[in-house]
Amino acid sequence: MKKLLLDFTKDELSQELALFDLKPYRAEQVYNWICGGADFSEMTNIPKSLRETLSEKFVAVGSEIIKEAISKDGTVKFLYKLNDGNLVEGVLMSYKYGYTLCASTQVGCRMGCAFCASGKDGLLRNLGAGEILSEVVEANKYLRKKDKNARIGNVVLMGSGEPLDNYDNVTKFLSLVTESQGISQRGISLSTCGLVRNIRRLADDGFSVTLCISLHATSDEKRLRVMPTANAYKIGEIMSAAEYYFKKSGRRVIIEYAMMRGFNISESDAIKLRELTKNFPCHINLIPLNDADSNLVGVNRAEANAFLKKLLSVGASATIRRSLGADIEGACGQLKRRYINGGNNEN
Ligand code: SAH
């Protein structure tokens, strides 16, 4: 199989290309091209014969955007086709402080959360580091076409997949994206359903991305009803791993909590949530459940505000996540399912 150039750091690329008896500055030229998402045919300052030789051994581009859905609020949902034909989604959001890309880390997911569309068909495969990077590269290419100065400043690993179930590739991606797209760890959030050992490993390996924990319930019994991983990892263990991450990285941890009517938004839930998050700096991100693909029910604005008020009144730090792209199936996995099922999703 041909190697993907985006999988290499700049140094690794020079080493790979050193085998080809080319001038050292050529590796730098190739590197600059791939950071911009160029294919071999576009690398105009590289001799054609060299491009041909390289393309026998390598692929330059990791994915292609085959569909875009643009929301009225400016959010753009991408459907990426990987080189083996697999599909993943990404969402480009525009905030006051810049552009954020929500990227996928696996094709499908094996965590099986009841409310999440991405895991409905299980895990197909992990994404390679260069493939995750390619989502950012392609989205930056898309942005540049609209405005040559626009670029992605933040990445949230909240698309399809469980990042900590693909540890090596995801952590390699973290280094690649800094070097290649200038996005530092401070600009990256990694969301996990709570794989305790790898949360600790992330801390021990010295990472400082913003860690987001998908909690969604305040007791293990309740959590297990919607998240099968609750069987393996108890809330107590997850929160102590999160505290460990905070201590090592110095970064406040985000607790994600999808509000579900009649399930997790009572007064006692608010009190328990406060208890769980009071030992170290945590911020609770309340997400109105998008219930399009499950039989769990979301909340209306009044219910969401009432739960927020309860949390604030017991001293928690919490906000309701702004819901973007509601008209373009912004929630996980939905555009891909619609596309595969042959539905019309033109926007
Ligand atoms: N596997 C990672 C990333 C998943 S997606 C994780 O579990 O954190 C990012 C967030 O979206 C998670 O908090 C996930 O639980 C949440 N999510 C998934 N489906 C959702 C839905 N239908 N409505 C609201 N949030 C959802």
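The model is predicted, with local features requiring pLDDT of at least 70, side-chain atom pairs counting only at pLDDT 80 or more, and totals for chains, interfaces and linings using all residues. Residues are numbered from 1 along each chain as its sequence is written, and side-chain values use heavy atoms, with hydrogens and water left out.

**Ligand shell**

- The ligand is surrounded by 17 residues, where a residue is near if one of its heavy atoms lies within 4 Å.
- Phe 115, Ser 191, Ser 214, His 216 and Asn 290 are the closest of these.
- By class, the shell comprises eight nonpolar, seven polar and two charged residues.

- A side-chain N or O atom of His 216 is 2.6 Å from an oxygen atom of the ligand.
- A nitrogen atom of the ligand lies 2.7 Å from a backbone N or O atom of Asn 290.
- A polar backbone atom of Thr 192 is 3.3 Å from an oxygen atom of the ligand.
- Of the 530 Å² of accessible area that the ligand has on its own, the protein covers 93% (Shrake-Rupley method, 1.4 Å probe).

**Helix α1**

- Helix α1, a DSSP run (H or I, at least four residues), spans residues 10-18 and has Leu 13, Glu 16 and Leu 17 buried (under 20% relative accessible area, 1.4 Å probe, protein chains only).
- These residues lie on the same side of α1 because they cover an arc of only 90° around the axis, taken from the directions from the helix axis to the C-beta atoms.
- Asp 11, Gln 15 and Ala 18, on the other side of α1, are exposed (over 50%).
- The cover over the buried residues of α1 includes β1 (3-4), α2 (24-35), α3 (48-57) and β2 (58-59); strands are DSSP runs of E with at least two residues.

Notes:
Polar contact = N/O pair within 3.5 Å; in protein donor to acceptor, adjacent residues only side chain to side chain. Nonpolar A, V, L, I, M, F, W, Y, C, P; charged D, E, K, R; others polar. Contact = heavy atoms within 4.5 Å.
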